[in-house]
Amino acid sequence: MATVTNEIEVASSFSAATVFKVFKDFEIIAPKVNPAVFKSVETIEGNGGVGTVKLLTFGEAVPFTSGKYKVDAFDEGSFSYSYTFFEGDNLMGILHSITQHVKVISSGEGSIFKQTIVYNCKGDEKPSEETLKAEKELYEQTFKGIEAYASAHPELY
């Protein structure tokens, strides 16, 4: 079983605590700032913590319709969050799962948002370089949209 890793790193002028707080509201903010990509995110089971299962429905700009994921780890103290997509057409028929690790690190007067995406392949077939590049751009664009949302709503963050 092969694995492929995609790394995303975005600098922010916000503190690590603020970025993490905003990211916790991903399911609310992402469909507002990038509805062409994220149509909705709904909790199917759980209360948002470890073990929670969510359904992400993609918008028309994405070649997938949906994916289910489970929260694997959530540590507000270290500003880290991990989750695994285990079902859906976003697995492209070639993946067992997609695990995403998010970590926000303090940096100078702001922070760095780091996201590591691990594609766990069923066999030797892997996501194309084009797919990996497009996904990286999508997450960077969404992060910037979420950051702009936080700037426009300082009373929330």
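View 1. Because Glu147 and Lys144 are 3 residues apart in helix α3, about one helical turn separates them. Helices (H or I, at least four residues) and strands (E, at least two) are DSSP runs numbered from the N terminus. The two side chains meet in a salt bridge at 3.4 Å, N to O; the term stands for a side-chain nitrogen of Lys or Arg within 4 Å of a carboxyl oxygen of Asp or Glu. Glu147 counts as buried at 14% relative accessibility, whereas Lys144 is partly exposed at 41%. Here buried means under 20% relative accessible area, exposed over 50%, and partly exposed in between (1.4 Å probe, protein chains only).

A note on the model: this is a predicted model, in which local features need pLDDT of at least 70 and side-chain atom pairs count only at pLDDT 80 or more, while totals for chains, interfaces and linings use all residues. Residues are numbered from 1 along each chain as its sequence is written, and side-chain values use heavy atoms, with hydrogens and water left out.

View 2. A cavity is a set of points on a 1 Å grid over the protein atoms alone where a 1.4 Å probe fits but cannot get out, and lining residues have an atom within 4 Å of a point. The largest cavity holds about 70 Å³ of space, a volume being the space filled by probe spheres set on the points, which are joined across faces, edges and corners. Helices α1 (16-24) and α3 (129-152) are the elements that each give two or more residues to this lining. By class, the lining has 7 nonpolar, 1 polar and 1 charged residues; Ala, Val, Leu, Ile, Met, Phe, Trp, Tyr, Cys and Pro count as nonpolar, Asp, Glu, Lys and Arg as charged, and the others, Gly among them, as polar.

**View 3. The second largest cavity, about 40 Å³ in volume.** Its lining includes Phe113, Gln115, Tyr139 and Thr142. Helix α3 gives the most to this lining, with 4 residues. The classes here are 6 nonpolar, 2 polar and no charged residues.

View 4. The side chains of Glu9 and Lys114 meet at 3.7 Å, N to O. Lys114 counts as partly exposed, at 32% relative accessibility.

Conventions: 1 Å grid on protein atoms, 1.4 Å probe; cavity = no way out; pocket = protein on both sides within 12 Å on 5 of 7 lines; lining within 4 Å.
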